Amino acid sequence: MKKRNRKIIISFVSLLFSAVLLSYITTPFEKDFYVNPSSDSKKQIALTFDDGPGKYTQELLDGLRERDVKTSFFLMGSKVEKHPELIKQMYDDGHLIGCHTWSHISFFKSSMDEIHAELSSTNELLESITGEKVQFFRPPYGYYFGTQLNKIDMIAVLWSDTPRDWVNIDIDYICNYIVENAKDGQIILLHDTKDATVPAVLKAIDILLDEGYEFVRADELLCRNGDYLAAGLAYRYCPYNGRAWYI
Ligand SMILES: [Zn+2]
């Protein structure tokens, strides 16, 4: 009898373990995303800007337009509300419009209901300006649990490198960091809400363009090898010959 009980307990525990494991490795979303890459260069970088729009965004957008450089923005709904015209310019200029929640919540401290509300209110506002569905988001601080991502019908984009422009506020430091660490396939985290970032980035772009680098949107970079991107996963890097890295 004792032996039989132990068997039942072991079967029950293994069943429970398999169910938990399965919920981690499967994603409930069937939709895949793909965009045709505009170039097959081996020197591509995706610059990404979080927390905006802010008071330096206009200067950044004008500098990017002048250089015909495309980037990606992860925007906060509470700020989008105050500057819809900047979102319109981003969209018209061909930048990727992504969501960074309404009020920069930490997923570690939030319920799924709060997360869904923060994402959908921001997406609805962005979509009312651009007319296009928002498919990409970046969780604030890069914080999230895998089980949360599986419940969000969007593609998460993290980053592979950053000059940490929220603590390093020197133009030359930020510019040199980007130039010295430039590498094909990178997704770089930056903030258009920091005053040193915009002049630093524009300077770094000029140097790297001279070195033959191309700047592309994060979605283009991640699809460069023919990969389809899936909702419920978090992407962070894409080498020239290989699959997009995700967690
Ligand atoms: Zn942020």
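This is a predicted model: local features need pLDDT of at least 70, side-chain atom pairs count only at pLDDT 80 or more; totals for chains, interfaces and linings use all residues.
1. Zinc site. Three protein residues donate to the zinc ion: Asp-51 through OD, and His-100 and His-104 each through NE2.

2. Asp-51 sits in the loop between β2 (44–50) and α2 (57–67), while His-104 belongs to the loop between β4 (96–99) and α5 (112–130). The pair is 53 residues apart and links distant parts of the chain. Asp-51 and His-104 are both buried.

3. Main core. The largest nonpolar core has 49 residues, and within it Leu-47 and Phe-137 touch the most other members. Helix α8 (residues 197–210) is the top contributor, giving 7 residues. A separate core of 19 residues lies apart from this one, with Leu-96, Val-216, Leu-229 and Cys-238 among its members.

4. Leu-47. Beyond its neighbours within four places in sequence, Leu-47 contacts Thr-71, Ser-72, Ile-188, Leu-190, Val-201, Ile-205, Phe-215 and Val-216. Val-216 is a member of the 19-residue core.

5. Cavity. The structure has 1 cavity of 30 Å³ or more, and the largest cavity holds about 30 Å³ of space. Its lining consists of Asp-161, Tyr-177, Ile-178, Asn-181, Ala-182, Gln-186 and Ile-188. At least two lining residues come from each of α7 (171–180) and β7 (186–191). By class, the lining has 4 nonpolar, 2 polar and 1 charged residues. Ile-188, one of the lining residues, is also among the contacts of Leu-47.

Methods
Residues are numbered from 1 along each chain as its sequence is written. Side-chain values use heavy atoms; hydrogens and water are left out. A nonpolar core is a set of buried Ala, Val, Leu, Ile, Met, Phe, Trp, Tyr and Cys residues joined through side-chain atoms within 4.5 Å. Buried means under 20% relative accessible area, exposed over 50%, partly exposed in between (1.4 Å probe, protein chains only). Helices (H or I, at least four residues) and strands (E, at least two) are DSSP runs, numbered from the N terminus. Contact means heavy atoms within 4.5 Å. Donors are N, O and S atoms within 2.8 Å of the metal (3.2 Å for Na, K and Ca); water is not among the atoms, so sites may look incomplete. On a 1 Å grid over the protein atoms alone, a cavity is a set of points where a 1.4 Å probe fits but cannot get out, and a pocket is an open set with protein on both sides within 12 Å along at least five of seven lines; lining residues have an atom within 4 Å of a point. Grid points are joined across faces, edges and corners, and a volume is the space filled by probe spheres set on the points. Ala, Val, Leu, Ile, Met, Phe, Trp, Tyr, Cys and Pro count as nonpolar, Asp, Glu, Lys and Arg as charged, and the others, Gly among them, as polar.
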